[in-house]
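Subject: Structure handover and notes

Dear colleague,

Please find the structure below, together with its sequence. My notes on what was found in it follow directly after.

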Amino acid sequence: MPVTKVTRTGVRSAPRQVPTDTTATLLPMTFDRVGEEAPEDEAPTKISSLQDAFAAYKPELDFRTTVGDEGTEFVAELEFKSLKDFDPKQIRSRTPGKRNDIADLQMQIDLLHRMRESFSVLAVKRAWEKQEQRQEIIDALGDFQNQLQRLSSEGTE
């Protein structure tokens with residue numbers, strides 16, 4: 001059988017560096033633009049840094065949905081000014097002037113964890129075993145919940 005030798009020309013052993021200073025893209029990329037072609041008259045935008053992109057396009061998220069049988073509205077209004085704003089801890093925190101029910105939910109979860117830790121204390125366990133002290137604890141928690149609801153309704157008005 002004859003031997004065939006295959007040679008390739010122009011193949012490099014390592015890829016070349018991609019120039020980042022000449023990269024252009026059509027932004028902002030929004031949900032309504034997914035799957036569609038860009039208009040012919042739209043020109044690429046040159047962005048030289050990530051901060052320029054945040055300043056030019058001001059990315060934000062306005063999430064609204066209803067949850068539960070009662071149809072409770074759940075809202076998260078988020079603005080992203082840097083990559084740090086995408087951190088889950090930052091998303092779960094409150095921003096002045098913006099409604100963020102994710103932050104409220106996180107505060108309630110943290111409160112429940114603290115209450116669970118409190119009920120693991122020996123003195124609280126002993127008080128819970130006695131009927132009259134158990135009722136005092138339940139009443140105190142009810143008062144605390146009413147105060148929280150009053151404060152939250154004052155904050156939204």
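Accessible areas here come from the Shrake-Rupley method with a 1.4 Å probe, and for residues only the protein chains shown count as cover. On that basis the protein chain exposes about 13,900 Å², of which carbon and sulfur atoms supply 54%. Please keep in mind that this is a predicted model, in which local features need pLDDT of at least 70 and side-chain atom pairs count only at pLDDT 80 or more, while totals for chains, interfaces and linings use all residues. Residues are numbered from 1 along each chain as its sequence is written, and side-chain values use heavy atoms, with hydrogens and water left out.

Of the 157 residues of the protein chain, 10% count as buried, where buried means under 20% relative accessible area, exposed over 50%, and partly exposed in between. Among contacts (heavy atoms within 4.5 Å) between residues at least 6 apart in sequence, 25% join residues at least 24 apart.

The chain has five helices and four strands, which from the N terminus on run β-β-α-β-β-α-α-α-α; helices (H or I, at least four residues) and strands (E, at least two) are DSSP runs, numbered from the N terminus. Strand E3 (residues 60-67) and E4 pair in the antiparallel sense over eight bridges, pairing being assigned if DSSP finds at least two bridges between two strands. Within this pairing, Thr65 has Phe74 in E4 as its bridge partner. E3 and E4 form a hairpin with four residues between them, and Gly68 in the turn has a positive phi of about 80°.

Turning to the side chains, the structure holds two aromatic pairs; rings of Phe, Tyr and Trp (its six-membered ring) pair if their centres lie within 6.5 Å, with planes under 30 degrees apart counted as stacked, over 60 as edge-to-face and the rest as tilted. Phe54 and Phe86 form a tilted pair, at 6.4 Å centre to centre and 50° between the planes. Because Phe54 lies in helix H1 (residues 50-57) and Phe86 in the loop between strand E4 (72-79) and helix H2 (88-91), this pair ties together parts that are 32 residues apart in sequence. Phe54 is buried, at 10% relative accessible area, whereas Phe86 is partly exposed at 42%. Phe80 and Phe86 form a stacked pair, at 4.2 Å centre to centre and 5° between the planes, and Phe80 is buried at 9%. Phe54, Phe80 and Phe86 form one aromatic cluster.

Best regards

Definitions and conventions: Buried means under 20% relative accessible area, exposed over 50%, partly exposed in between (1.4 Å probe, protein chains only).
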